[in-house]
Amino acid sequence: MDPVTHIAAGVLIGQAARDRFPAGRALVPLAALAAWLPDIDNVVGLFGAEAYMRYHRGYTHSLLGGALMAWLMAVLTHRFWPAARTGKLFVLFYLCVLSHLFLDCITSYGTGVFLPFSDARISFPAVFIIDPVYTLSLLALIAASSLRPAARKALAVAGLAVMLGWPALGYGVEAFVTARAERLLAKEGRRVEAVHVQPDAFAPLWWKVVAEEGDDYVLTGLTLTAPDRLLPQRRFQKAGRAELEALGQAAPVFSQYLWFTDYPVKSAASSPAGTTLTFQDLRFMAVNPLVAKVRGDIVPFTLTAYLDPAGKLVRALFSQVGKAEVILPQGVGTVLAGGNG
């Protein structure tokens, strides 16, 4: 979730709890900081795209790591604000951290909530990673609570209700879209093994649909403005686990990519110089045409393998938006590069 929404959640929690703490103007900003704090791990992006994939939404986004950060923040705050008890501050800050984890888990990226005990990435996508309606609703209630101090707590609680209620609405719409997509695909005569639905830009109006059909994924979508027909369909070859694991023997980034992705797909191109394999994740492909206009052909978290004529890995290129990293087989090293590759 974007940082503005995280900070808004912290402000609402701080405003709702303000009367439980000694008078102090710093409470709400501190709550906002605590709600943003797990994203301090964005610093790993300085070490390259691969490090970002591996460590972002990791330990600082876990229940245990979040508790540690909340406790340290409570101890430091108590030193400068002795009237506020450390225990109460910890509860407040941990609630703010938990709001961050909740907002991240309702997007499709995945969050390491149970680290260090499990590296499973938890995701219950109900909201697109940037949702203007969701964020602006929270900001509007924050503004209203600031303008009406007498109703500050009630408006803050209303904002928290929106924070929880909007994803609940998304889950309800998702169930409807899943059932509708299954019927429309069956009407086309397709024999799909599974249908996965995720929010797309401007959800809950727009939804991405990923259908599994043999060795392929079919990427399509559904919009509530035209619920009786699927959006244009694109077919992708599934990326094989064995192939990624074999490449991972030469460069661990491929094994990490297998762990990171939900719907990995592959395309191949051959030339006299060898074969190029491009791996992408359908999580990061949008079906809303507006996103395609803004983003163009760029798909975040694209991993490309360059093989020689004998099928040996020569190098890999891992790219995010605005950043690319050239990765050489083990024992050779890595090179950082600008641009998108």
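**Figure 1. Lys238 and its salt bridge to Glu212.** Lys238 has a relative accessible area of 22% and is therefore partly exposed, a class that lies between buried, which means under 20% relative accessible area, and exposed, which means over 50% (1.4 Å probe, protein chains only). Lys238 forms a salt bridge with Glu212, in which the closest N and O atoms are 2.9 Å apart; the term stands for a side-chain nitrogen of Lys or Arg within 4 Å of a carboxyl oxygen of Asp or Glu. This pair links distant parts of the chain, since Glu212 lies in strand β2 (residues 206-213) and Lys238 in strand β4 (residues 234-238), 26 residues apart. Glu212 counts as buried because its relative accessibility is 17%. The model is predicted, so that local features need pLDDT of at least 70 and side-chain atom pairs count only at pLDDT 80 or more, while totals for chains, interfaces and linings use all residues. Residues are numbered from 1 along each chain as its sequence is written, and side-chain values use heavy atoms, with hydrogens and water left out.

Figure 2. Arg235 counts as partly exposed because its relative accessibility is 43%. Glu213 and Arg235 belong to a network of salt bridges that also links Glu188, Arg190 and Asp216. In another salt bridge, the closest N and O atoms of Arg283 and Asp281 are 2.8 Å apart, and both of these residues are buried. The count of salt bridges by this rule comes to 12.

**Figure 3. Helices α1 and α5 where they cross.** The axes of helix α1 (residues 3-17) and helix α5 (residues 86-105) come within 9 Å and cross at roughly 145 degrees, where axes are lines fitted to C-alpha atoms over the stretch in contact and angles run from 0 to 180 degrees between N-to-C directions. The contact (heavy atoms within 4.5 Å) is made by residues of α1 including Thr5, His6 and Ala9, and by residues of α5 including Leu92, Leu95 and Cys96. Helices such as these are DSSP runs of H or I with at least four residues, and strands are runs of E with at least two, numbered from the N terminus.

**Figure 4. The covered helix α9.** Helix α9 (residues 253-260) is mostly covered, with 6 of its 8 residues buried, namely Val253, Phe254, Gln256, Tyr257, Leu258 and Phe260. Among the elements that cover these buried residues are α3 (49-55), α8 (241-250) and β6 (274-281).

Figure 5. Ala126 lies in the loop between α5 and α6 (132-147), and counts as buried because its relative accessibility is 5%. Leaving aside neighbours within four places in sequence, Ala126 is in contact with residues including Ile106, Pro167, Tyr171 and Trp207. Arg180, which is placed in helix α7 (residues 152-187), counts as buried at 16% relative accessibility. Not counting residues up to four places away in sequence, Arg180 touches Leu222, Pro227 and Asp228.
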